[in-house]
Amino acid sequence: MRAINLNGFGGPEVMRWSEAPDPVPGHGEVLIDVVAAGVNRADLLQRQGFYAPPAGASEIMGLECSGVVAEVGDGVRDWRVGDRVCALLSGGGYAERVVVPATQLLPVPEQLDLGAAAGLPEVAATVWSNLVMTAGLHAGQLVLIHGGGSGIGTHAIQVAVQRGARVAVTAGSAEKLQRCKELGATVLINYREDDFVAAVRAETSGAGGPGADIILDNMGAAYLARNVAALADHGHLVVIGMQGGVSGDLNLGALLSKWGTIHATNVRNRPTTGNHSKAEIVAAVRSQLWPLIIDGTIVPVIHAELPIAEAPDAHRLLDASDAFGKVTLRVRD
């Protein structure tokens, strides 16, 4: 088969569409003929040598894909050859074929294009596990989503709205904020011009005090102090990215005064099965979120789909922060 291989670590130019060993499904695994793969910021970090795959995972980039089941391993009962699926991966998506545990598959609805479906598994697993399973998102809360125009952000807006929450977002342009509004966000903050702490506090007052009940943060260190300041009492700050650095000062007094909590999580390094595993997350996504995907209430937001051989350009597009929603790579028709 062919895959995107790395000729060392560095810029997008180190990626090559070339031959790679064929994967073989083991017990409890499924082999997928990949139609499309989603591009994530974790892929950019891996390409640069900053984010190694978990032990035993494919060295090929790609944390999500869509396609058709080509073969099932021993012990797999719920999937058959020919099933249209999308999958949460620990690696290997930038390829013509990939092996994945059967517990990390999701069925692609008949009306949904497989190319668009490639942009769902990673955002669905990340958003559901963090907003709902970790932070306990429920109706009536205010949720602040940093990077509202990202793949994670566009999905998180829709999930929060469907859970009955009010949504505040940060984004870097009026155009992105308008599109976030169309998805359901009501508090629109241009982070280049406005103080998100003041904006969120001005929007809220109540028993929990002014602030956001949940903050979904992709910036890390750069926003740490201001995120704590923007929390309501008993609020949850959930850090899922470190685009603004890995080390920052934390005012424990400010956090204590609000009975606040900080969670820092990722999906890729979770175990395959058991408590807090990928299987547990995917099962929750399938039972609680997937009906909204099937009926079209929540939709994948795709900025661009590029041929797999143009993966370097896809990385440049994501790195430039110009995309609204997901960037995907088409592997085959």
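Which residues line the largest cavity? The points below take up this question after an overview of the chain.

1. Overall form. The model under discussion is predicted. Its secondary structure amounts to ten helices and 15 strands. With a radius of gyration of 20 Å, close to the 20 Å that the globule rule gives for 333 residues, the chain is as compact as a globular protein of that length. The C-alpha trace spans about 55 × 40 × 35 Å along its principal axes.

2. Of the 333 residues in the chain, 53% are buried.

3. The largest cavity. Rolling a probe the size of a water molecule over the atoms shows where empty space is left. The count comes to one cavity of 30 Å³ or more, and the volume of the largest cavity is about 50 Å³. In answer to the opening question, its lining consists of G119, L120, V123, G151, T154, H155, Q158, V299, P300, V301, I302 and K326. Helix 4 supplies the largest share of this lining, with four residues. By class, the lining of the largest cavity holds six nonpolar residues, five polar residues and one charged residue.

4. The second largest pocket. This pocket contains about 420 Å³ of space. Its lining is made up of 26 residues, and those nearest its centre are G56, A57, S58, G91 and V99. Strand 6, residues 97-101, gives the most to the lining of this pocket, namely five residues. In the lining of the second largest pocket, 13 residues are nonpolar, nine are polar and four are charged.

5. Helix 5 covers residues 174-183, and K176, L177 and C180 are buried in it. Viewed down the helix axis, the buried residues of helix 5 fall within an arc of 100°, and therefore they line one face of the helix. Exposed residues A174, E175 and E182 are carried on the face turned away from that buried side.

6. Surroundings of helix 5. What do the buried residues of helix 5 pack against? Their partners are helix 4 (151-162), strand 9 (166-171) and strand 10 (187-190). Just after helix 5, G184 adopts a positive phi of about 125°.

Notes:
Residues numbered from 1 in each chain as written. Predicted model: local features only at pLDDT ≥ 70, side-chain atom pairs only at ≥ 80, totals over all residues. Heavy atoms only, no water. 1 Å grid on protein atoms, 1.4 Å probe; cavity = no way out; pocket = protein on both sides within 12 Å on 5 of 7 lines; lining within 4 Å. Points joined across faces, edges and corners; volume = space filled by probe spheres on them. Helix = DSSP H or I, 4+ residues; strand = E, 2+ residues; numbered from the N terminus. Nonpolar A, V, L, I, M, F, W, Y, C, P; charged D, E, K, R; others polar. Buried < 20%, exposed > 50% of the residue type's maximum accessible area, 1.4 Å probe, protein only. Arc of directions from axis to C-beta. Contact = heavy atoms within 4.5 Å. Rg over C-alpha atoms; globule rule 2.2 N^0.38 Å.
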